[in-house]
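Student: I have a protein model open on my screen, and I would like to learn how to read it. Could you walk me through it?

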Amino acid sequence: MLFFTLYVAALSLLAGTAADNQTFTNSGEIDISTCPITYYGQKYETLYVDFDSDKFRVCFKGFNRLGMKNDCILMSKGTADRGGLSVLTREIPTGSGVHRLLPNLQTAGKCVNLIPLKDSQQSQIKQVELGNFGRQAILAIKTYSGYTSGNVETVEVVSGRSVSRQIFQTSETMNGIITDVSGCRHKGGVYKINTTVWDPNICSNVTCDAFGVATVVSDCGPMERCKGNGSCIMDAMCTVTGPTIIDVMGHIHTVPDRCGYTLMKHASIPGFQVLGVFQERRRRDVSFLDRVIIHLSNAKIFLEQGGRVKVDDQELLLRTNTQSVHGVMFSKDPTGVTAKITTSNHTVSVHFNGYTAQIHITGPSGTPVHGLCGSSATTMVQEKVSKYSASGCDTQYDDEADSSINFIDINEWCNVLDQAPFTACKMHVNPESFMSACNRTLHKYPAVDGLKCQFLEAYARACSQYNITVEGWRSKTRCSRVPKALCQDRYCSAHEFCGERRYGGERRCLCRAIFASKYRTTDSFGEPTVCEHKSATLTLAGCLLEENGIDYSVLHLNDQNCMGKMDNETHMVTFRFNPTHSCGTVVMANNSEIIYKNTIKTRNSSMFGVITRHDPVYIDFSCFYHQPDIKSMAIRLKHSSLTKEILYGQWMYNLTMNAFADPDHMQPIDSRTDIELDQKIWVVIMAEGLDEKQVALVTDSCWATDQPLPNGSLRYDLVIKGCPNPEDRTINVESNGMGTATYFSFNTFQFSGKTSDVYLHCRLELCIKQTNSCAPICQRANRRRRSAMPNYLSDHHQLITMAWTS
């Protein structure tokens, strides 16, 4: 690094008008926002100055601490222990004495920060000057006769690392010295302006221009990284998320069907291939990666849904720690399954979580990667694998657009990948491909089953392969704080996928769209009846029953002892009768034909007595009926909101009761909202106009009747003396007697044998908080309820009523 001697007579910095005087003793934080300094390419508006036993420090990121990667200028202090700041605002034109002494300065100076240093006797010992030249900066030092500590040493520190150290004789500093503290930074490296440097740490030529802008020409290709010793190795990442393949070059392929494709091949690994098989889920026209197949010379490995792993068609029971099979290291954690293949030269890691697969390969450079993940030009047709492509898998569909998709919201969501905190990874993994994959998928497919967060998860995981941790993205985006595969250890059949149930959010095996479409068009639950030798068999799809809220275990034939049996692999439910086990079959003769008829129905008894949470099901089947006859019940709220003005004594307030379909009370239920039996709903009762500090609202009791009047003969209790009915575990009461709003939730029902409206009535009390404990004390033990006598009983209760109707 070059320093130039500057004589006082040529020091044009000393001319101008000083302003913004600030002082400090021992240490101080100085505002230089009126004359900011760009130190080695980084702009700062604050200085942190302090003294130690022999040095004066000017730091930019904060007061210097041990281990801190700070930017600082260290210099000998002499006997000084205090100082100040003034700012000269006169412009220093190009061609000045400073520019002649520092030829690398390309722009005019704008201002100078003057920092005079004095001793305890107020004698000036030294003056330090930091000059603003746009993206460049200069440092000048002058000592005075009171400086008697020998030579002056300066050390320039960038990110905690010394980049320059010089020692000057006092004969030089008495006249003044000046130097350029401009430069560039790139990936931890620091470079002086107007230089081109070969940096073996990044295998690149770095040119730092006069304006502090670095231009980097790397010897490593786009699929390589520098080892830090001047040589490059292969380091390539391919991400397959949903229907999108982001190859090692960052290019995108979209899989349009449900076939098998070659994702990656590498000639240096004998027999090695990674294949992907795609399947539809809720829509026929959007496919998702369903399983990953790894071909090796000595084994075939299948990474399947739910974290299931098969090796040569034998299921591998993975333990929590890693285990080796055929030289492949397997590991399983809540985020998914990883298979790691290590050869003499290459390492390949394949991670799969049910939605996304990421393939990371490292090894010697020079050998290309092939397949849809590779850099070579290829097409979907060329990479299709017939062995893993079922007949008709390439049939393409165009389903009706989903009207619930908000394109503006989706665009905003996907664009967070180009914002902090993800920008910390931008230099290593380009977010544009992940943003495109996010938009392409969510513009057609609903954002359910945690899909929105999967794209962010995929990008963050890709960054982690390059040792970049994206801090705080989960809390910012409200994605799960704990990374976890959506349906780990839940195994569905080939015609099912694991997703979240429409009501309640429970994870279930749901029907794939193509499989279900042939049944939905005929409003059936399964295959036609199969009759043979005076016996009949009817097979229903468990996933169709599931999505209609029907529990197969409560179904039976005319004889309640004859129930359906579910196949553990296919999840198909079979009902059967024959002459030996008639199961209540009715035998009839019709035109010389014998008809064997039975009915699948729901169990008559209910654990809740007068209510049931299952749709009544009656499916008649015989040899001649190709489709089962089904009777279903749709529930719709008749009045979702009720407002009632109440005047009592000196208090006037509004009492409202509203119903919602979600626990966050964001989806109000109105007269157009369909409600299923056994669907959880949330009821909010609120009083507006009360003094919450003095009065609390208490829901003393709520009950349902089959008549509009609250004293109907058929009654089912939900809330009793402020507590949930202990016989019904679906009921939950919150914040009762705590303020001016109470909440409770329950699963909907209808009265057994009734199809009439169900009316909900609630008895409400006002409780004076200053003299009473208003919150009911509720305990559940051995299914029995114990509660203290309430303190809020009065003669001034009010009734509020809501109804739902079939």
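Student: Let's begin with the whole chain. What share of the contacts in the protein with a separation of 6 or more comes from residues 24 or more positions apart?

Tutor: Residues 24 or more positions apart account for 60% of those contacts. Keep in mind that this is a predicted model. The protein has 9 helices and 62 strands, and buried residues make up 49% of its 806 residues.

Student: How do I read a sheet?

Tutor: Strands of a sheet pair through backbone hydrogen bonds, and the pairing can be parallel or antiparallel. Here, 7 strands form an open sheet with antiparallel pairing, in the order E30-E29-E28-E27-E26-E25-E36. Strand E30 (314-316) and strand E36 (369-370) stand at the edges with a single partner strand each, so one side of each has no neighbour in the sheet.

Student: What does a sheet of 3 strands look like here?

Tutor: Its order is E18-E19-E20, it is open, and the pairing is antiparallel. Strand E18 (195-199) and strand E20 (214-218) are the edge strands, each pairing on one side only. On average, neighbouring strands of this sheet are turned by 20° against each other, direction ignored. Strand E19 (residues 204-208) pairs with E20 over 5 bridges, and Val 206 has Val 216 in E20 as its bridge partner.

Student: How many residues lie between the strands of the E13 and E14 hairpin?

Tutor: There are 2 residues between E13 and E14, and Ser 159 in the turn has a positive phi of about 55°. The two strands, E13 (residues 152-158) and E14 (residues 161-168), run antiparallel and are joined by 7 bridges. Val 157 stands opposite Ser 162 in E14.

Student: Now the helices. How do I describe two that pack together?

Tutor: Two packed helices are described by the angle between their axes and the distance between the axes. Take helix H5 (residues 432-442) and helix H6 (residues 451-464): their axes come within 10 Å and cross at roughly 165°. An angle over 145 degrees counts as roughly antiparallel, and H5 and H6 are therefore roughly antiparallel to each other. H5 passes H6 in a right-handed crossing. Among the residues that meet are Phe 434 and Leu 442 in H5, with Leu 451 and Phe 455 in H6.

Student: Which residues of helix H8 are buried?

Tutor: In H8 (residues 513-520), they are Ala 513, Phe 515, Ala 516 and Tyr 519. They cover an arc of only 155° around the axis, which puts them on the same side of H8. What covers the buried residues of H8 includes E26 and helix H9 (542-547).

Student: Where is the cis peptide bond?

Tutor: The bond from Ala 420 to Pro 421 is cis, with omega near 5°. Pro 421 is found in the loop between helix H4 (407-414) and H5.

Key
Residues are numbered from 1 along each chain as its sequence is written. This is a predicted model: local features need pLDDT of at least 70, side-chain atom pairs count only at pLDDT 80 or more; totals for chains, interfaces and linings use all residues. Side-chain values use heavy atoms; hydrogens and water are left out. Two strands pair if DSSP finds at least two bridges between them. Helices (H or I, at least four residues) and strands (E, at least two) are DSSP runs, numbered from the N terminus. Buried means under 20% relative accessible area, exposed over 50%, partly exposed in between (1.4 Å probe, protein chains only). The arc is that of the directions from the helix axis to the C-beta atoms. Contact means heavy atoms within 4.5 Å. Axes are lines fitted to C-alpha atoms, for helices over the stretch in contact, and angles run from 0 to 180 degrees between N-to-C directions. Angles under 35 degrees count as roughly parallel, over 145 as roughly antiparallel, 65 to 115 as roughly perpendicular and the rest as oblique. A crossing is left-handed if the near helix is turned anticlockwise from the far one by less than a right angle, and right-handed if clockwise.
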